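Please open the model in a viewer and keep the selection panel at hand.

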Amino acid sequence: MVPPLGRPYWSNWVIWALASCPVGRSVKEKWMLKVGSKSVFQRLSELELYASIDVRGMEESEKRIMERQELDRRIEVGDIEFINRFFSTDLSVAELVGSYNAGRRDFADIGLCNLDLSGINLAGANLTGAKLVSTNLSSANLAGANLSYTYLAGANLNGANLTNANLTRAIMAGVNLENANLRGAISKGIEDHQAFYCNTVMPDGSVEIGPYWAEG
């Protein structure tokens, strides 16, 4: 599969990457099982991409910009191995639910692509930078969750509770937001090209009756 020509929307690259190189348990076992969820810079350091860069004094936004620039470059050159590792799956559904029920709330940078998380309760969780490409989050409770800088391309959020969630600069291209509730959500800088809105409660409390596909 060849990615589209030109510089596409961010999440189109992500969807292409996941479709081109499906991730699986073997990748998790090789890269993630021993240490659990890692930040992007831990993953990139393992791939010897940021070994010479000190990110300790950087603002979160600076780190995330670097992350996306590097990922964009890797996709453009067709680095399938890197993409496969970057979007590897860190936890099974049972492991995720068990961790949350045990009191864990910090799931920053976690990889949960292509999982069926329908109806899951992750209210108040920190999912900053999480990889949720093509994940089924229908009817999920994400109220008050931090979803800033997440990769949500192609995710199903039909009926999801996103009230007061932080969606700052989330990549949401192709997301299904039918019947979702985003009241009070922070949506600054989201990339929602071709996101589907229908009976969606918007951050300001208005209702997008739709059906409407965002141009982004």
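A residue counts as buried when its relative accessible area is under 20%. The model on display is predicted. Select Cys-113 to begin: its relative accessible area is 2%, so this cysteine is buried. Cys-198, the next selection, is likewise buried, at 11%. A disulfide would require two cysteine sulfur atoms within 2.5 Å, and the count of disulfides is zero.

The largest nonpolar core comprises 36 residues, and Leu-127, Leu-142, Leu-147, Leu-157 and Leu-177 have the most contacts inside it. Apart from this core lies another, of 11 residues, which includes Leu-71, Val-133, Tyr-151 and Ile-171. Return to Leu-127 and display its surroundings: beyond its neighbours within four places in sequence, the contacts of Leu-127 include Phe-107, Ile-110, Leu-142, Asn-146 and Thr-150.

Proceed to the loop between helix 6 (93-101) and strand 1 (196-197), where Thr-163 is found. Thr-163 has a relative accessible area of 15% and is therefore buried. Leaving aside neighbours within four places in sequence, Thr-163 contacts Ala-143, Gly-144, Asn-181 and Arg-183.

Two further selections concern backbone geometry. Ser-134 lies in the loop between helix 6 and strand 1; its phi is near 60°, a positive value in a non-glycine residue, and at 35% relative accessibility Ser-134 is partly exposed. Asn-179 also has its place in the loop between helix 6 and strand 1. The phi of Asn-179 is positive, near 65°, and its relative accessibility of 40% makes Asn-179 partly exposed.

Finally, select Gly-210 and Pro-211, which are joined by a cis peptide bond with omega about 0°. Pro-211 sits in the loop between strand 3 (207-208) and strand 4 (212-213).

Key: Residues numbered from 1 in each chain as written. Predicted model: local features only at pLDDT ≥ 70, side-chain atom pairs only at ≥ 80, totals over all residues. Heavy atoms only, no water. Buried < 20%, exposed > 50% of the residue type's maximum accessible area, 1.4 Å probe, protein only. Core = buried A, V, L, I, M, F, W, Y, C linked by side-chain atoms within 4.5 Å. Contact = heavy atoms within 4.5 Å. Helix = DSSP H or I, 4+ residues; strand = E, 2+ residues; numbered from the N terminus.
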